[in-house]
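Here is a short briefing to read alongside your structure. Have the sequence and the 3D view open, and let's walk through them together.

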Amino acid sequence: MLQRLRNRQRGFTLIELLIVVAIIGIIAAILIPNLIDALQKAKQKRTMSDVRNTGTAWMSWLTDQVGSTAAGTSNTFDLTVFGTAKTYANMITTLRPTTTFFYMQEIPQKDGWKTDIQYYSNSNLLATRVLAIRSAGKDKSFGGTTYTVGPFIATDYNQDMVWSDGYFVRWPGGSGAAS
């Protein structure tokens with residue numbers, strides 16, 4: 001009897017170990033999808049913040065240059081009015097960083113998914129549409145140049161996010177939003 005008691009105190013039985021492993025597996029199966037979704041949501045929020053901050057700085061510059069701003073109000077939005085998209089490096093050389101972007105310390109080059117953010121500017125600063133910034137989202141590919149103005153389902157991380165002239169044209173807007 002004493003020998004049996006000593007053997008029992010030396011370690012765990014195979015059944016006890018299997019139960020612990022099963023419990024850990026169940027907890028991991030529940031938590032990992034939520035963790036992955038939280039990481040994507042963080043990338044999306046970071047990108048929205050970067051785009052909004054850059055756009056706000058750009059609008060501040062434009063306001064100083066022109067004296068007023070105009071935001072579009074139609075139900076469709078077409079990026080082709082801006083001409084060709086500019087990359088970060090192209091934008092910096094085109095827009096004279098010493099005069100244009102002293103409104104913020106650093107202009108974001110990449111979105112949360114490490115894809116280049118595209119910057120658009122109209123050479124006519126008095127036009128209806130002057131500035132635009134967009135991110136491709138998780139799939140790293142842009143969905144064309146024309147967008148329906150409005151929110152998209154927030155968990156659809158492949159959607160493009162577009163900001164122009166003081167407002168978001170396309171943005172994550174909740175689970176009930178139409179895409």
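A word on terms to begin with: pLDDT is the predictor's confidence in each residue, on a scale from 0 to 100, and a contact means heavy atoms within 4.5 Å. The model you are looking at is predicted. Its protein chain has an average pLDDT of 81, and 77% of the residues reach at least 70.

**Confidence along the chain**

- Among the elements, strand β6 (residues 161-164) has the highest mean pLDDT, 94, while helix α4 (residues 97-100) has the lowest, 48.
- Over residues 68-73 the pLDDT stays under 50, and the model has 10 contacts beyond four places in sequence for this stretch.

**The nonpolar cores**

- The largest nonpolar core holds 20 residues, and those touching the most other members are W58, L62, Y119, L131, I133 and W163.
- At least two residues of this core come from each of α2 (14-66), β3 (131-135) and β6.
- The biggest contributor to this core is α2, with seven residues.
- A second, separate core has nine residues, F77, Y147, V162 and Y167 among them.
- To see what surrounds I133, look beyond its neighbours within four places in sequence: its contacts there are V51, T54, G55, W58, I117, Q118, Y119, M161, V162 and W163.

**A buried aspartate, D160**

- You will find D160 in the loop between β5 (150-152) and β6.
- Which side chain of opposite charge is nearest to D160? That is R134, 4.2 Å away; D160 is buried and has no salt bridge, because a salt bridge needs a side-chain nitrogen of Lys or Arg within 4 Å of a carboxyl oxygen of Asp or Glu.
- The side chain of D160 does have a polar contact of 2.5 Å with the side chain of Y147.
- A polar atom of the D160 side chain also lies 2.7 Å from the backbone nitrogen of G143.
- Not counting residues up to four places away in sequence, D160 touches R134, S135, A136, S141, F142, G143, Y147, F152 and R170.

**Two residues with positive phi**

- K140, a residue other than glycine, has a positive phi near 65°, and its place is the loop between β3 and β4 (146-148).
- K140 counts as partly exposed because its relative accessibility is 46%.
- D165, also a residue other than glycine, has a positive phi near 50° and sits in the loop between β6 and β7 (167-172).
- Is D165 buried or exposed? With a relative accessible area of 3%, D165 is buried.

Conventions
Residues are numbered from 1 along each chain as its sequence is written. This is a predicted model: local features need pLDDT of at least 70, side-chain atom pairs count only at pLDDT 80 or more; totals for chains, interfaces and linings use all residues. Side-chain values use heavy atoms; hydrogens and water are left out. Helices (H or I, at least four residues) and strands (E, at least two) are DSSP runs, numbered from the N terminus. A nonpolar core is a set of buried Ala, Val, Leu, Ile, Met, Phe, Trp, Tyr and Cys residues joined through side-chain atoms within 4.5 Å. Buried means under 20% relative accessible area, exposed over 50%, partly exposed in between (1.4 Å probe, protein chains only). Lys and Arg count as positive and Asp and Glu as negative; His and the chain ends are not counted. A polar contact is a pair of N or O atoms within 3.5 Å; within protein, one must be able to donate a hydrogen and the other to accept it, and residues adjacent in sequence count only if both atoms are side-chain atoms.
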